[in-house]
Amino acid sequence: MTNPAPRPVLELSGIDKRFFGVSVLQQVGLRLYPGEVHALMGQNGAGKSTLIKVLTGVHAADGGAMSLDGQPVRPGSPQQAQALGISTVYQEVNLCPNLSVAENIFAGRYPRLGALGAWRIDWAGMNRQARELLARLNLDINVTRTLSSYSVAVQQMVAIARALSVEAKVLILDEPTSSLDTGEVQRLFDVLRRLRDEGLAILFVTHFLEQVYAISDRITVLRNGTLVGEYPVAQLGPKALIAAMVGRELAEGQSVNPVPDDQRERVPVVSTTALSQRGQLQPIDIELCAGEVVGLGGLLGSGRTELARLLFGLASPDGGEVRVRGQAARITNPAEAVRHGLALCPEDRKTDGIVAELSVRENIILALQARAGLRRCLSDAQQKALAEKYVKALGIKTNDVETPIGLLSGGNQQKALLARWLATDPSLLILDEPTRGIDVAAKQEIMDEILRLAQGGMAVLFISSEMSEVVRVSHRIVVLRDRNKVGELPAGSGEQAVYHLIAEETT
Ligand SMILES: Nc1ncnc2c1ncn2[C@@H]1O[C@H](COP(=O)(O)OP(=O)(O)OP(=O)(O)O)[C@@H](O)[C@H]1O
Ligand SMILES: [Mg+2]
């Protein structure tokens, strides 16, 4: 966008927000113009979601002003914000898993039949409209099935469709792409570009820097609850953007193409022969050795998560064998996997992960305590020390380990979930998308931490949709395609080599 309209459609100025006396936003301003995509950037805990919740009436600001089309407004609830024309997809998608896809899209405003619209719900009409909305996102699914029967990615798309279903002047998307694959992101971006061209103002949060440059016109950067600046995208390249977010230039991490130690004896911690699950995974041989990070290269649906679930006892194999330290093992549930020294950090922190009401400390010690059993409870002091150790090591932003984890920012919850599994000091650590929702600086720290753990003798299976991360951190890359292992690549292989193997025709 070269010529911004003369007046912002939405303007915030001098916004202050405190929680329990702790200041989270100080004098923050934001200007959204009609017909622009505006990226709101900042590290985990910088205050992005809080700012969004203030402007959509989830939280009341402690100071500052807001105007819409030049008129002062102060929405007291998300419903009021929506009535004013502000449509939002929050970071923690809050849909109802037991309702149908269509019901989720129209919850609270079902179309009705009858003279005054007061008769009965127009189910057929609702389902048809839901199908039409999803078609805009190129999604052809059965809208009468329950939402929970679909993947996280589809659920995210449904949340977006819901936001698109109302007439709005401002559309706000807080990390809408975290679970989407490249194709889905493209489709979403096509829709966003169209809406922008129709004059909508779009505010967009993401930790994927390429996406910022693919879609946005302007960028606002927050750091530690303060406004760093507002920039046209052409004036803020990726390096400068990171520096603005972090407050310093980011040093190159150590996590660059680790070279395997040839001297070291290869000791398999877990190995499989012809391990398979009908419809999910073709027979696979894989060896995971102490001191080694094995990356899984493959596209969404290639069988990466399925392999992780089989190894961890979350799914049962139809054939093949698993050996743990050379001994045949039948792992039929996660508790057994943990007893064998395995850990799995799952991809969906909301459904498989954090317990929002429990404290950061309780969330971190959860898996360790389960392994130790109730008879051998960790003392309070031990628990606190352990939790504090990981809060420091992973840079989890919280005032206190007794804070309910639900009050942490999304990225910081993700770090605490990783800490839970690190605390079990496993011999094999399986990481399924561990850096989802994590900011650029923290991503690098986490990759360095993974390499340090491997150096200390841990075996690591690393799954990430970001191929650049896989090639950076892995000593060996196992490539999957269509639920089949199609090859292995050594450390130092580039992203292209992995994509090449994925794309190669089977002969
Ligand atoms: N309801 C709340 N009560 C107390 N503290 C809160 C609450 N909501 C947010 N915070 C704190 O405010 C700070 C900013 O959180 P916010 O969720 O806005 O960060 P964010 O920029 O969205 O980060 P992320 O990239 O991880 O999503 C964090 O330190 C968080 O712990
Ligand atoms: Mg957030």
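View 1. With a relative accessible area of 7%, Glu433 counts as buried (under 20% is buried, over 50% exposed, and partly exposed falls in between, using a 1.4 Å probe and protein chains only). Everything here comes from a predicted model, where local features need pLDDT of at least 70 and side-chain atom pairs count only at pLDDT 80 or more, while totals for chains, interfaces and linings use all residues. Residues are numbered from 1 along each chain as its sequence is written, chains are lettered from A and ligands numbered from 1 in the order in which they are written, and side-chain values use heavy atoms, leaving out hydrogens and water. Look for Glu433 in the loop between β17 (428-432) and α15 (440-455); helices (H or I, at least four residues) and strands (E, at least two) are DSSP runs, numbered from the N terminus. What makes the backbone stand out is a positive phi of about 55 degrees at Glu433, which is not a glycine. Most residues other than glycine have a negative phi.

**View 2. Arg483, another residue with a positive phi.** Here the loop runs between β19 (476-481) and β20 (484-490), and Arg483 is in it. Its phi is near 65 degrees, again positive in a residue that isn't glycine. Arg483 is partly exposed, because its relative accessibility is 24%.

View 3. Ligand 2 is a magnesium ion, held by the OG atom of Ser49 and the OE1 atom of Gln91 at 2.0 to 2.1 Å. These two residues bring distant parts of the chain together: Ser49 belongs to helix α1 (residues 48-55), Gln91 belongs to the loop between β6 (86-89) and α3 (101-106), and 42 residues separate them. Ser49 and Gln91 are both buried. Donors are N, O and S atoms within 2.8 Å of the metal (3.2 Å for Na, K and Ca), and water is not among the atoms, so the site may look incomplete.

**View 4. Ligand 1 and the residues around it.** Ligand 1 has 19 residues around it, and Gly45, Lys48, Thr50, Ser409 and Gly411 come nearest (a residue is near if one of its heavy atoms lies within 4 Å). Helix α1 gives the most to this shell, three residues, and both α1 and α14 (410-422) supply at least two.

View 5. Follow the oxygen atoms of ligand 1 to find side-chain N or O atoms of Lys48 at 2.7 Å and of Gln91 at 3.0 Å. Taken alone, ligand 1 would expose 640 Å², and the protein buries 87% of that (Shrake-Rupley method, 1.4 Å probe).

**View 6. Gln156 and two backbone oxygens.** Gln156 is part of helix α5 (residues 152-164) and counts as buried because its relative accessibility is 6%. The side chain of Gln156 reaches the backbone oxygen of Pro176 at 3.2 Å and that of Glu175 at 3.4 Å.

**View 7. Gly125 in helix α4.** Helix α4 (residues 123-136) is where Gly125 sits. A relative accessible area of 4% is why Gly125 is called buried. Arg112 is 13 residues away from Gly125 in sequence, with 8.6 Å between their C-alpha atoms.

Terms used
Polar contact = N/O pair within 3.5 Å; in protein donor to acceptor, adjacent residues only side chain to side chain.
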